[in-house]
Amino acid sequence: MKWHKLGCVYTPTPLHPLLQSHVSNPLPIWLADDVYRVYYSGRDAQKRSSVGYVDFNIVTRNVEYVHTAPVFAYGDDGSYYSHGISIGGCYTVGDTRYMLFMGWQTRPDGTWRGDIGRLVVSDDLRTLTLADETPLIGINPTDPVSLSYPWVLGDAVRGYRMWYGSTHTWDGGNGEMIHPIHHATSHDGEHWDLQGLAVPFARGVAQAFSRPVVLVNDAGGYDMWFSYRSGTGQKYRIGYASSDDGVSWRLRLDEVGIDVSDTGWDSDMIEYPYVLDHKGVRYMLYNGNGYGASGFGLAVCEK
């Protein structure tokens, strides 16, 4: 595949004490016609993240509305999202649409704990409310250190599948953590059976993954995009993997078809992809330099 970059389409400006910088993890939900409500994780002065949104026309590439206040903020001390909310994907159970997120709790030593939580998305897409006072999936024997960035596919008829990040160790021997993609299944979208490692990792090549996005392809298999670090000092890049069954995956990093630019807003890193199809065209929203500090951009997949 080959992605053609269309440029940075939204650059953050200070909007609110809780939304002073960053538009990380763009998550689009269709609003009307060619317009999507793109939720993102913005930061306050202490780098704690809350959720904001803009309305974006994916065809004209115009931002049509900027919401100037967070629609959901990080929690109080002692909550599982006390130091921030990093959004993943959405899924539906019955009539309820959930937005999944990673809840951050930072530690004095510079490490953190992440748990997986859910927000309920209102029908008009204007409000988000906490679904559960406790994590949907918290620290457990399969994921004993930290969890991140969940993505779910499925429904009550076929069952649900989740892919998410799980920290194995903070140092894989080269100063970079081992944080690959794990897999879980559920019959109802509420109770999850943890399956462990899904996407293979390789020290010095791809060992710290984040924000998987999974789509079913025309052959009935699965395509996954994600961001990753190699452990060699190189900053985030966007990667690609494929699977016939959603369980066993093949890393295909050389086939992703997108990389950093020579100059500009995404010349240092590219990360946090979100891939979607709109009117027969496949698009990717993604972040550039500074983990979303420079904005989010758009690319289109060339056939």
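The model is predicted: local features need pLDDT of at least 70, side-chain atom pairs count only at pLDDT 80 or more, and totals for chains, interfaces and linings use all residues. Residues are numbered from 1 along each chain as its sequence is written, and side-chain values use heavy atoms, with hydrogens and water left out.

**Ser 227**

- Ser 227 sits in strand β15, residues 222-229. Strands (E, at least two residues) and helices (H or I, at least four) are DSSP runs, numbered from the N terminus.
- Is Ser 227 buried or exposed? Ser 227 is buried, because its relative accessible area is 0%. Buried means under 20% relative accessible area, exposed over 50%, and partly exposed in between (1.4 Å probe, protein chains only).
- Beyond its neighbours within four places in sequence, Ser 227 has contacts that include Phe 209, Ser 210, Arg 237, Tyr 272 and Pro 273. Contact means heavy atoms within 4.5 Å.
- The side chains of Ser 227 and Ser 210 make a polar contact at 2.5 Å.
- A polar atom of the Ser 227 side chain also lies 3.4 Å from the backbone nitrogen of Tyr 272.
- A polar contact is a pair of N or O atoms within 3.5 Å; within protein, one must be able to donate a hydrogen and the other to accept it, and residues adjacent in sequence count only if both atoms are side-chain atoms.
- Thr 13 is 214 residues from Ser 227 along the chain, and their C-alpha atoms are 24 Å apart.

**Nonpolar cores**

- The largest nonpolar core has 64 residues. Those with the most contacts inside it are Tyr 39, Leu 128, Trp 163, Trp 249, Ile 258 and Met 284.
- Strand β15 gives the most to this core, with five residues.
- Another core lies apart from it, with 14 residues, among them Tyr 91, Met 162, Tyr 164 and Ala 184.
- A nonpolar core is a set of buried Ala, Val, Leu, Ile, Met, Phe, Trp, Tyr and Cys residues joined through side-chain atoms within 4.5 Å.
- Leaving out residues up to four places away in sequence, Met 284 touches Trp 225, Ile 258 and Pro 273, among others.

**Cavity**

- The structure holds one cavity of 30 Å³ or more. The largest cavity has a volume of about 30 Å³.
- On a 1 Å grid over the protein atoms alone, a cavity is a set of points where a 1.4 Å probe fits but cannot get out, and a pocket is an open set with protein on both sides within 12 Å along at least five of seven lines; lining residues have an atom within 4 Å of a point.
- Grid points are joined across faces, edges and corners, and a volume is the space filled by probe spheres set on the points.
- Thr 13 is one of the residues lining the largest cavity, as are Leu 19, His 22 and Tyr 40.
- β2 (21-32) gives the most to this lining, with three residues.

- The largest pocket has a volume of about 570 Å³. Of its 28 lining residues, the closest to its centre are Arg 43, Trp 104, Trp 112, Tyr 149 and Tyr 272.
- β7 supplies the largest share of that lining, three residues.
- The second largest pocket holds about 410 Å³ of space. Of its 18 lining residues, the closest to its centre are Pro 28, Cys 90, Arg 97, Trp 151 and Tyr 274.
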